[in-house]
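User: I would like to learn how to read charged side chains and helices in a model. Please take me through an example.

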Amino acid sequence: MIKSSDTPTSVAGMYRLYISVIIMLPFIPWKTLRSSEINKKDWSTVFLAGLFLGLYFLCWMESLVYTSVASSMVILSLQPLFVMIGSYFMFRERTNILTILCLLGALLGSVIIAWGDIGVSREALIGDGLSLLGTILVSAYMLAGQKVSRKIHANLYSVIVFFIGGSVMLIYSLLNNITLVEYDSSDWTYFFLLAVIPTIFGQYIFNLLLKSIGATTVSVGIIGEPVLAIILAYLFLGETISIFQSAGGLMTLLSMGMYFWLQSLNHSVANYKSN
């Protein structure tokens, strides 16, 4: 959807998040805020998460102006690696060798996916650089979310960080004299679809899962995005699917499946020992 629209990415990202906030407002359990144990330090973390989210959308969505879907998405696939490192230092989460191998297999699959696009990537260093910066920012966003996930309801957390993220892009648009209202009805439909599909049924679900499975596992699930994005780009944008992308996509999906199976097995063993 981002690639098929000519609207400024900062405006699309802003409305994407603001419309999501409006849709989710009726579902916020305000009563839980009174009984929550969140303190000033936690509120600072929530604010930083929103800031990271806004900057991530700004960088990553803008990267698609300069580079292809495949190239940008494969760089985004590095997110679990950054999150895993951050989780070790922040939460002392340890990962066994088999899990690491599954993660590396999924990352290798993503590299194979983009192999046929590497020539474009060299010409689009700005786009690749923005995608890498966005990957670092969304990794920090995930880690911040996990830190406060047990103290604040996911609905309330999502509305706050979506609003802050949208405000980041509003400020960027105003500073760059980008118009906010003069858009066609098709553009407003595009903004609404961005809010519903990849935000509420994407980012919100990720926030919901942070409490139960953690940022690393959520990030591994996101590795599957390049596979789906390339298929959708083929269907709707006319981009071709090479043999490298087919092989890499299969490798990514198999590695992800193995990772989730190992995580489920470890969880079952932990529950058995606790009982």
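Analyst: Start with a definition: a salt bridge is a side-chain nitrogen of Lys or Arg within 4 Å of a carboxyl oxygen of Asp or Glu. Keep in mind that this model is predicted.

User: How many salt bridges does a search of the whole structure find?

Analyst: The search finds one. It joins the side chains of Lys151 and Asp42, with 3.0 Å from N to O. Lys151 sits in the loop between helix H8 (125–148) and helix H9 (154–175), while Asp42 belongs to helix H3 (residues 40–66), so the pair ties together parts 109 residues apart in sequence.

User: Is Asp42 buried or exposed? And what about Lys151?

Analyst: Asp42 has 6% relative accessibility and counts as buried. Lys151, at 29%, counts as partly exposed.

User: Which residues of H5 are buried?

Analyst: An α-helix has 3.6 residues a turn, so residues three or four places apart point the same way. In H5 the buried residues are Gln79, Pro80, Val83, Met84, Gly86 and Ser87. Just after H5, Arg92 adopts a positive phi of about 60 degrees.

How values were computed:
Residues numbered from 1 in each chain as written. Predicted model: local features only at pLDDT ≥ 70, side-chain atom pairs only at ≥ 80, totals over all residues. Heavy atoms only, no water. Helix = DSSP H or I, 4+ residues; strand = E, 2+ residues; numbered from the N terminus. Buried < 20%, exposed > 50% of the residue type's maximum accessible area, 1.4 Å probe, protein only.
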